[in-house]
Amino acid sequence: MPTEIMLDRKTMPQLAIESKIDFIHAQKYSLPNGIPVYYVNAGTQDVIKIEVIFRAGTREQDVPMVAGSTNSMLEEGTKKHNAEEIASLLDYYGSFLETSAQQDYASVTIHTLGKHLDKALPILEELIKEPSFPQNELEIYLHNNKQRFLVSEQKVRSVAAKIFPALLFGDLHPYGHITRLEEFDGVKKEHLEAFHKKYYAPGNSAIIVSGRVNDTLLNKIGDYFGKGETIQHPTSNIQHYDIHSAAENINFIPKKDAVQSAIKMGKVLFLKNHPDAIPFQILNTVLGGYFGSRLMSNIREDKGYTYGISSSVVFLQHAGYFTIGSEVGSNVCDAALVEIYKELTRLCDEPVPADELQLVKNYLKGNFMRSMDGPFALADRFKHIWLHNMDYSYYENYVTALSTITSLQLMEIANKYLSDGIYELVVGEKGKK
(Lines give C-alpha, C1' and ligand atoms only; values in the text may rest on other atoms or scores of the structure.)
Protein backbone atom coordinates (compact mmCIF):
# COMPACT_ATOMS: atom_id res chain seq x y z
CA MET A 1 0.00 0.00 0.00
CA PRO A 2 1.38 3.46 -0.86
CA THR A 3 2.11 5.71 2.07
CA GLU A 4 -0.51 8.45 2.50
CA ILE A 5 0.98 11.95 2.70
CA MET A 6 -0.85 14.41 4.95
CA LEU A 7 -0.47 18.09 4.03
CA ASP A 8 -0.45 20.70 6.77
CA ARG A 9 -2.57 23.47 5.28
CA LYS A 10 -2.62 25.54 8.45
CA THR A 11 1.08 26.37 8.58
CA MET A 12 2.66 28.60 5.94
CA PRO A 13 5.67 26.92 4.30
CA GLN A 14 9.07 28.44 4.97
CA LEU A 15 10.01 31.04 2.38
CA ALA A 16 13.28 30.28 0.63
CA ILE A 17 14.41 33.73 -0.48
CA GLU A 18 18.07 34.53 -0.72
CA SER A 19 19.41 37.75 0.77
CA LYS A 20 21.25 38.29 -2.51
CA ILE A 21 19.40 37.79 -5.80
CA ASP A 22 21.28 37.39 -9.07
CA PHE A 23 19.62 38.46 -12.29
CA ILE A 24 20.64 39.43 -15.80
CA HIS A 25 21.93 42.99 -16.12
CA ALA A 26 21.49 45.24 -19.13
CA GLN A 27 24.55 45.68 -21.33
CA LYS A 28 25.48 48.85 -23.21
CA TYR A 29 26.19 49.15 -26.91
CA SER A 30 26.69 52.38 -28.85
CA LEU A 31 25.43 52.92 -32.39
CA PRO A 32 27.85 54.45 -34.92
CA ASN A 33 26.34 57.91 -34.34
CA GLY A 34 26.60 57.63 -30.57
CA ILE A 35 23.03 56.72 -29.57
CA PRO A 36 23.31 54.43 -26.53
CA VAL A 37 21.57 51.07 -26.76
CA TYR A 38 20.95 49.13 -23.55
CA TYR A 39 19.98 45.53 -24.10
CA VAL A 40 18.85 42.56 -22.03
CA ASN A 41 19.55 39.27 -23.76
CA ALA A 42 17.20 36.80 -22.10
CA GLY A 43 14.19 34.61 -22.71
CA THR A 44 13.49 31.61 -24.90
CA GLN A 45 10.81 32.98 -27.19
CA ASP A 46 11.63 34.76 -30.45
CA VAL A 47 10.03 38.02 -29.31
CA ILE A 48 11.76 41.40 -29.26
CA LYS A 49 10.84 44.63 -27.50
CA ILE A 50 12.47 47.86 -28.69
CA GLU A 51 11.80 51.04 -26.71
CA VAL A 52 13.12 54.35 -28.02
CA ILE A 53 13.19 56.92 -25.22
CA PHE A 54 13.37 60.70 -25.61
CA ARG A 55 13.67 63.43 -23.02
CA ALA A 56 10.44 64.84 -24.38
CA GLY A 57 7.99 64.75 -21.49
CA THR A 58 5.58 67.44 -20.36
CA ARG A 59 8.45 69.07 -18.49
CA GLU A 60 9.94 70.18 -21.82
CA GLN A 61 6.83 71.70 -23.41
CA ASP A 62 6.30 75.44 -23.79
CA VAL A 63 2.67 75.02 -24.90
CA PRO A 64 0.35 72.93 -22.69
CA MET A 65 -0.53 69.46 -23.99
CA VAL A 66 2.03 69.55 -26.83
CA ALA A 67 4.28 66.79 -25.42
CA GLY A 68 1.44 64.29 -25.12
CA SER A 69 -0.14 65.32 -28.43
CA THR A 70 3.14 64.97 -30.31
CA ASN A 71 3.76 61.51 -28.91
CA SER A 72 0.23 60.23 -29.51
CA MET A 73 0.11 61.60 -33.05
CA LEU A 74 3.25 59.75 -34.17
CA GLU A 75 1.19 56.74 -35.24
CA GLU A 76 -1.55 58.79 -36.93
CA GLY A 77 0.32 59.26 -40.19
CA THR A 78 3.74 59.70 -41.78
CA LYS A 79 4.98 61.11 -45.06
CA LYS A 80 4.55 57.63 -46.58
CA HIS A 81 1.59 56.02 -44.81
CA ASN A 82 -1.66 57.08 -43.17
CA ALA A 83 -2.87 55.79 -39.82
CA GLU A 84 -4.88 52.92 -41.30
CA GLU A 85 -1.96 51.72 -43.39
CA ILE A 86 0.38 51.85 -40.39
CA ALA A 87 -2.06 49.82 -38.29
CA SER A 88 -2.47 47.25 -41.08
CA LEU A 89 1.29 46.83 -41.50
CA LEU A 90 1.81 46.33 -37.80
CA ASP A 91 -1.04 43.85 -37.60
CA TYR A 92 0.16 41.90 -40.64
CA TYR A 93 3.56 41.32 -39.09
CA GLY A 94 2.18 40.54 -35.63
CA SER A 95 3.71 43.66 -34.15
CA PHE A 96 2.35 45.89 -31.41
CA LEU A 97 3.11 49.60 -30.94
CA GLU A 98 2.94 51.70 -27.78
CA THR A 99 3.47 55.42 -27.33
CA SER A 100 3.81 57.11 -23.96
CA ALA A 101 4.49 60.64 -22.76
CA GLN A 102 5.00 61.27 -19.07
CA GLN A 103 6.41 64.13 -17.02
CA ASP A 104 10.09 63.54 -17.77
CA TYR A 105 10.31 61.47 -20.91
CA ALA A 106 8.40 60.09 -23.88
CA SER A 107 8.83 56.77 -25.60
CA VAL A 108 7.86 54.78 -28.66
CA THR A 109 7.89 51.00 -28.18
CA ILE A 110 7.40 48.15 -30.59
CA HIS A 111 6.94 44.46 -29.78
CA THR A 112 7.63 42.12 -32.65
CA LEU A 113 8.75 38.62 -33.56
CA GLY A 114 12.43 38.31 -34.30
CA LYS A 115 11.68 36.88 -37.72
CA HIS A 116 9.76 40.05 -38.63
CA LEU A 117 12.36 42.50 -37.34
CA ASP A 118 13.37 43.50 -40.87
CA LYS A 119 9.77 44.61 -41.49
CA ALA A 120 9.11 46.18 -38.09
CA LEU A 121 12.23 48.37 -37.84
CA PRO A 122 11.44 50.44 -40.96
CA ILE A 123 7.98 51.15 -39.55
CA LEU A 124 9.43 52.23 -36.22
CA GLU A 125 11.99 54.45 -37.94
CA GLU A 126 9.34 56.04 -40.13
CA LEU A 127 7.04 56.82 -37.20
CA ILE A 128 9.84 58.49 -35.25
CA LYS A 129 11.61 60.34 -38.06
CA GLU A 130 8.85 61.22 -40.53
CA PRO A 131 5.53 61.91 -38.79
CA SER A 132 3.21 64.14 -40.80
CA PHE A 133 0.82 65.17 -38.00
CA PRO A 134 -2.19 65.26 -40.38
CA GLN A 135 -4.53 68.13 -39.54
CA ASN A 136 -7.73 66.11 -39.67
CA GLU A 137 -6.32 63.42 -37.35
CA LEU A 138 -5.08 66.10 -34.96
CA GLU A 139 -8.52 67.70 -34.83
CA ILE A 140 -10.13 64.33 -34.09
CA TYR A 141 -7.54 63.56 -31.42
CA LEU A 142 -8.07 66.92 -29.68
CA HIS A 143 -11.86 66.69 -29.94
CA ASN A 144 -11.94 63.20 -28.41
CA ASN A 145 -9.63 64.19 -25.58
CA LYS A 146 -11.64 67.33 -24.95
CA GLN A 147 -14.79 65.24 -24.57
CA ARG A 148 -13.03 62.87 -22.19
CA PHE A 149 -11.85 65.87 -20.19
CA LEU A 150 -15.40 67.23 -19.90
CA VAL A 151 -16.65 63.85 -18.69
CA SER A 152 -13.81 63.53 -16.18
CA GLU A 153 -14.64 66.96 -14.74
CA GLN A 154 -17.84 65.45 -13.36
CA LYS A 155 -15.99 62.74 -11.45
CA VAL A 156 -14.63 63.58 -8.02
CA ARG A 157 -11.74 61.15 -8.41
CA SER A 158 -10.57 62.77 -11.66
CA VAL A 159 -10.81 66.28 -10.25
CA ALA A 160 -8.81 65.30 -7.18
CA ALA A 161 -6.13 63.62 -9.31
CA LYS A 162 -5.85 66.78 -11.42
CA ILE A 163 -5.73 69.31 -8.57
CA PHE A 164 -3.63 67.51 -5.97
CA PRO A 165 -0.24 67.70 -7.77
CA ALA A 166 -0.73 71.48 -8.04
CA LEU A 167 -1.11 71.66 -4.25
CA LEU A 168 2.22 69.90 -3.85
CA PHE A 169 4.27 71.55 -6.61
CA GLY A 170 2.36 74.63 -7.72
CA ASP A 171 0.41 75.13 -10.94
CA LEU A 172 3.40 76.73 -12.68
CA HIS A 173 5.58 73.68 -12.04
CA PRO A 174 5.44 71.03 -14.82
CA TYR A 175 4.71 68.34 -12.23
CA GLY A 176 1.75 70.30 -10.90
CA HIS A 177 0.20 71.97 -13.95
CA ILE A 178 -3.61 71.86 -14.02
CA THR A 179 -5.07 71.07 -17.43
CA ARG A 180 -7.74 73.57 -18.50
CA LEU A 181 -10.47 73.30 -21.12
CA GLU A 182 -9.21 76.19 -23.23
CA GLU A 183 -5.81 74.54 -23.64
CA PHE A 184 -7.26 72.03 -26.09
CA ASP A 185 -7.93 74.85 -28.55
CA GLY A 186 -4.39 76.18 -28.23
CA VAL A 187 -2.63 73.11 -29.67
CA LYS A 188 -1.65 73.63 -33.31
CA LYS A 189 0.07 71.44 -35.87
CA GLU A 190 3.06 73.77 -35.98
CA HIS A 191 3.55 73.30 -32.22
CA LEU A 192 3.83 69.54 -32.69
CA GLU A 193 6.22 69.91 -35.61
CA ALA A 194 8.51 72.25 -33.65
CA PHE A 195 8.44 70.07 -30.52
CA HIS A 196 9.20 66.96 -32.56
CA LYS A 197 12.11 68.58 -34.36
CA LYS A 198 13.68 69.76 -31.12
CA TYR A 199 13.15 66.79 -28.83
CA TYR A 200 12.76 63.68 -31.02
CA ALA A 201 16.36 64.00 -32.10
CA PRO A 202 19.24 61.48 -31.91
CA GLY A 203 21.11 63.51 -29.29
CA ASN A 204 18.06 63.40 -27.04
CA SER A 205 17.42 59.67 -27.25
CA ALA A 206 18.38 56.23 -26.02
CA ILE A 207 17.19 52.74 -26.93
CA ILE A 208 16.37 49.80 -24.66
CA VAL A 209 16.11 46.36 -26.30
CA SER A 210 15.02 43.12 -24.62
CA GLY A 211 14.42 39.56 -25.70
CA ARG A 212 16.69 37.33 -27.76
CA VAL A 213 19.32 39.92 -28.61
CA ASN A 214 22.41 39.19 -30.69
CA ASP A 215 24.97 41.10 -32.76
CA THR A 216 22.86 40.79 -35.90
CA LEU A 217 19.91 42.45 -34.20
CA LEU A 218 22.06 45.28 -32.83
CA ASN A 219 23.57 45.88 -36.26
CA LYS A 220 20.09 46.06 -37.79
CA ILE A 221 19.07 48.69 -35.24
CA GLY A 222 22.20 50.59 -36.23
CA ASP A 223 21.16 50.45 -39.89
CA TYR A 224 17.99 52.40 -39.10
CA PHE A 225 18.94 54.57 -36.11
CA GLY A 226 22.74 54.74 -36.15
CA LYS A 227 23.44 56.66 -39.33
CA GLY A 228 24.44 60.31 -39.57
CA GLU A 229 26.93 62.47 -37.73
CA THR A 230 28.12 61.60 -34.26
CA ILE A 231 25.70 63.12 -31.78
CA GLN A 232 26.34 65.15 -28.67
CA HIS A 233 24.04 64.40 -25.77
CA PRO A 234 22.84 67.60 -24.08
CA THR A 235 23.39 67.62 -20.33
CA SER A 236 23.39 71.26 -19.24
CA ASN A 237 20.13 72.66 -20.63
CA ILE A 238 17.74 71.05 -18.13
CA GLN A 239 15.54 73.84 -16.78
CA HIS A 240 15.09 74.13 -13.04
CA TYR A 241 11.64 74.79 -11.58
CA ASP A 242 11.04 75.93 -8.02
CA ILE A 243 8.42 74.07 -6.00
CA HIS A 244 5.67 76.30 -4.60
CA SER A 245 3.37 74.19 -2.46
CA ALA A 246 -0.02 75.55 -1.46
CA ALA A 247 -0.20 77.89 1.50
CA GLU A 248 -3.00 75.88 3.12
CA ASN A 249 -2.60 72.21 3.96
CA ILE A 250 -6.33 71.50 4.20
CA ASN A 251 -8.21 71.95 0.92
CA PHE A 252 -11.79 71.27 -0.09
CA ILE A 253 -13.53 71.46 -3.49
CA PRO A 254 -17.31 71.10 -3.14
CA LYS A 255 -19.30 68.94 -5.53
CA LYS A 256 -22.96 69.35 -4.73
CA ASP A 257 -24.97 66.15 -4.32
CA ALA A 258 -21.89 63.98 -4.69
CA VAL A 259 -22.58 60.48 -3.43
CA GLN A 260 -18.90 59.87 -2.90
CA SER A 261 -16.03 62.16 -1.97
CA ALA A 262 -12.48 61.74 -3.26
CA ILE A 263 -9.66 62.00 -0.75
CA LYS A 264 -6.07 62.82 -1.67
CA MET A 265 -3.35 63.28 0.93
CA GLY A 266 0.42 63.45 0.78
CA LYS A 267 3.53 65.59 0.58
CA VAL A 268 6.63 66.28 -1.50
CA LEU A 269 9.53 63.98 -0.70
CA PHE A 270 13.00 63.28 -2.05
CA LEU A 271 14.55 61.68 -5.11
CA LYS A 272 14.88 57.94 -5.70
CA ASN A 273 18.60 58.06 -4.81
CA HIS A 274 17.95 59.51 -1.33
CA PRO A 275 19.15 57.33 1.59
CA ASP A 276 15.62 57.21 3.00
CA ALA A 277 13.95 56.22 -0.28
CA ILE A 278 14.04 52.45 0.30
CA PRO A 279 13.04 52.55 4.01
CA PHE A 280 10.15 54.88 3.16
CA GLN A 281 8.91 52.50 0.46
CA ILE A 282 8.81 49.70 3.03
CA LEU A 283 6.98 51.97 5.47
CA ASN A 284 4.52 52.94 2.74
CA THR A 285 3.74 49.26 2.11
CA VAL A 286 2.83 48.84 5.77
CA LEU A 287 0.54 51.85 5.57
CA GLY A 288 -1.23 51.36 2.25
CA GLY A 289 0.97 49.65 -0.31
CA TYR A 290 -0.77 46.27 -0.54
CA PHE A 291 -4.17 44.69 0.00
CA GLY A 292 -3.41 43.69 3.59
CA SER A 293 -2.15 47.16 4.55
CA ARG A 294 -3.30 49.11 7.58
CA LEU A 295 -5.39 51.55 5.57
CA MET A 296 -7.23 48.71 3.83
CA SER A 297 -7.70 46.79 7.08
CA ASN A 298 -9.06 49.83 8.90
CA ILE A 299 -10.93 51.93 6.32
CA ARG A 300 -12.30 49.09 4.18
CA GLU A 301 -12.41 45.89 6.21
CA ASP A 302 -13.18 47.25 9.68
CA LYS A 303 -15.11 50.47 9.02
CA GLY A 304 -16.55 49.73 5.56
CA TYR A 305 -16.05 53.31 4.41
CA THR A 306 -14.64 52.45 0.97
CA TYR A 307 -14.03 49.70 -1.55
CA GLY A 308 -10.37 50.61 -1.79
CA ILE A 309 -7.72 52.88 -0.34
CA SER A 310 -4.00 52.91 -0.98
CA SER A 311 -0.83 54.89 -0.52
CA SER A 312 2.11 55.12 -2.89
CA VAL A 313 5.49 56.73 -3.44
CA VAL A 314 6.17 58.34 -6.82
CA PHE A 315 9.72 59.07 -7.93
CA LEU A 316 10.14 61.46 -10.84
CA GLN A 317 13.50 62.58 -12.20
CA HIS A 318 13.54 65.88 -10.34
CA ALA A 319 11.22 65.28 -7.36
CA GLY A 320 9.39 62.61 -5.44
CA TYR A 321 6.13 62.58 -3.52
CA PHE A 322 3.97 60.44 -1.25
CA THR A 323 0.23 60.17 -1.70
CA ILE A 324 -2.84 58.50 -0.19
CA GLY A 325 -5.96 58.14 -2.31
CA SER A 326 -9.50 56.85 -1.88
CA GLU A 327 -13.14 57.46 -2.60
CA VAL A 328 -15.51 57.19 0.35
CA GLY A 329 -19.18 57.77 0.97
CA SER A 330 -19.80 61.49 1.47
CA ASN A 331 -21.59 60.73 4.74
CA VAL A 332 -18.44 59.08 6.18
CA CYS A 333 -15.78 61.35 4.66
CA ASP A 334 -14.97 63.13 7.92
CA ALA A 335 -14.77 59.83 9.79
CA ALA A 336 -12.51 58.34 7.13
CA LEU A 337 -10.13 61.30 7.39
CA VAL A 338 -9.94 60.81 11.17
CA GLU A 339 -8.99 57.16 10.71
CA ILE A 340 -6.34 57.96 8.09
CA TYR A 341 -4.67 60.44 10.42
CA LYS A 342 -4.87 57.85 13.21
CA GLU A 343 -2.94 55.39 11.08
CA LEU A 344 -0.29 58.01 10.30
CA THR A 345 0.05 58.80 14.00
CA ARG A 346 0.23 55.11 14.92
CA LEU A 347 3.22 54.64 12.60
CA CYS A 348 4.96 57.53 14.37
CA ASP A 349 4.13 56.40 17.91
CA GLU A 350 4.23 52.59 17.83
CA PRO A 351 6.79 50.18 16.37
CA VAL A 352 5.37 47.88 13.69
CA PRO A 353 4.85 44.44 15.30
CA ALA A 354 7.42 41.84 14.27
CA ASP A 355 4.90 39.51 12.60
CA GLU A 356 3.36 42.34 10.56
CA LEU A 357 6.77 43.60 9.46
CA GLN A 358 7.81 40.09 8.43
CA LEU A 359 4.62 39.72 6.39
CA VAL A 360 5.39 42.97 4.56
CA LYS A 361 8.99 41.92 3.96
CA ASN A 362 7.87 38.59 2.51
CA TYR A 363 5.34 40.35 0.27
CA LEU A 364 7.94 42.81 -1.04
CA LYS A 365 10.53 40.08 -1.60
CA GLY A 366 8.06 38.03 -3.60
CA ASN A 367 6.98 41.09 -5.55
CA PHE A 368 10.57 41.94 -6.34
CA MET A 369 11.36 38.45 -7.60
CA ARG A 370 8.24 38.46 -9.76
CA SER A 371 9.24 41.83 -11.23
CA MET A 372 12.42 40.23 -12.58
CA ASP A 373 10.60 37.47 -14.43
CA GLY A 374 11.35 37.60 -18.15
CA PRO A 375 13.40 39.82 -20.46
CA PHE A 376 10.82 42.62 -20.72
CA ALA A 377 10.51 42.84 -16.94
CA LEU A 378 14.30 42.88 -16.59
CA ALA A 379 14.47 45.73 -19.10
CA ASP A 380 11.86 47.67 -17.13
CA ARG A 381 13.87 47.16 -13.93
CA PHE A 382 16.90 48.61 -15.69
CA LYS A 383 14.93 51.55 -17.07
CA HIS A 384 13.67 52.44 -13.59
CA ILE A 385 17.21 52.94 -12.31
CA TRP A 386 18.70 54.34 -15.53
CA LEU A 387 16.13 57.15 -15.67
CA HIS A 388 17.31 58.23 -12.21
CA ASN A 389 21.03 57.98 -13.02
CA MET A 390 21.45 54.99 -10.70
CA ASP A 391 23.05 51.58 -11.09
CA TYR A 392 22.19 48.05 -10.01
CA SER A 393 23.51 48.63 -6.50
CA TYR A 394 20.10 50.19 -5.82
CA TYR A 395 18.49 46.75 -6.07
CA GLU A 396 21.21 45.19 -3.94
CA ASN A 397 20.52 47.80 -1.27
CA TYR A 398 16.78 47.19 -1.60
CA VAL A 399 17.09 43.44 -1.03
CA THR A 400 19.45 44.03 1.89
CA ALA A 401 17.01 46.46 3.48
CA LEU A 402 14.20 43.92 3.22
CA SER A 403 16.27 41.56 5.35
CA THR A 404 17.70 43.99 7.86
CA ILE A 405 15.35 46.92 8.45
CA THR A 406 13.79 47.06 11.91
CA SER A 407 10.54 48.37 13.35
CA LEU A 408 12.40 51.12 15.20
CA GLN A 409 14.01 52.30 11.98
CA LEU A 410 10.59 52.47 10.32
CA MET A 411 9.22 54.46 13.26
CA GLU A 412 12.10 56.93 12.87
CA ILE A 413 11.29 57.32 9.17
CA ALA A 414 7.61 57.85 10.00
CA ASN A 415 8.41 60.60 12.50
CA LYS A 416 10.75 62.21 10.01
CA TYR A 417 8.27 62.40 7.13
CA LEU A 418 4.70 61.66 8.30
CA SER A 419 4.37 63.63 11.54
CA ASP A 420 3.61 66.94 9.84
CA GLY A 421 3.39 68.75 6.51
CA ILE A 422 0.70 66.48 5.07
CA TYR A 423 -1.54 68.06 2.44
CA GLU A 424 -5.20 67.09 2.35
CA LEU A 425 -7.68 67.49 -0.50
CA VAL A 426 -11.33 66.45 -0.51
CA VAL A 427 -13.47 66.75 -3.61
CA GLY A 428 -17.18 66.16 -3.02
CA GLU A 429 -19.00 66.76 0.22
CA LYS A 430 -17.80 66.69 3.82
CA GLY A 431 -19.94 66.22 6.88
CA LYS A 432 -22.96 65.08 4.83
CA LYS A 433 -25.46 63.16 6.93
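## Salt bridges

A salt bridge is a side-chain nitrogen of Lys or Arg within 4 Å of a carboxyl oxygen of Asp or Glu. By that criterion the structure holds 17 salt bridges. One network of them links Asp302, Lys303, Glu339 and Lys342.

## Basis of the values

This is a predicted model, in which local features need pLDDT of at least 70 and side-chain atom pairs count only at pLDDT 80 or more, while totals for chains, interfaces and linings use all residues. Residues are numbered from 1 along each chain as its sequence is written, and side-chain values use heavy atoms, leaving out hydrogens and water.

## A pair within one helix

Lys129 and Glu125 form a salt bridge, with the closest N and O atoms 3.1 Å apart. Both belong to helix H3 (residues 117-129), 4 residues apart, so about one helical turn separates them. Helices are DSSP runs of H or I with at least four residues, strands are runs of E with at least two, and numbering starts from the N terminus.

Lys129 is partly exposed at 44% relative accessibility, and Glu125 is partly exposed at 21%. Buried means under 20% relative accessible area, exposed over 50%, and partly exposed in between (1.4 Å probe, protein chains only).

## Pairs between distant parts

Arg157 and Glu327 meet in a salt bridge at 3.6 Å, N to O. This pair links distant parts of the chain, 170 residues apart: Arg157 lies in helix H5 (residues 156-169) and Glu327 in strand E10 (residues 320-329). Arg157 is exposed, with a relative accessible area of 55%.

Glu356 forms a salt bridge with Arg294, the closest N and O atoms being 2.9 Å apart. Helix H11 (residues 354-370) holds Glu356 and helix H9 (residues 294-302) holds Arg294, 62 residues apart. Both Glu356 and Arg294 are buried.
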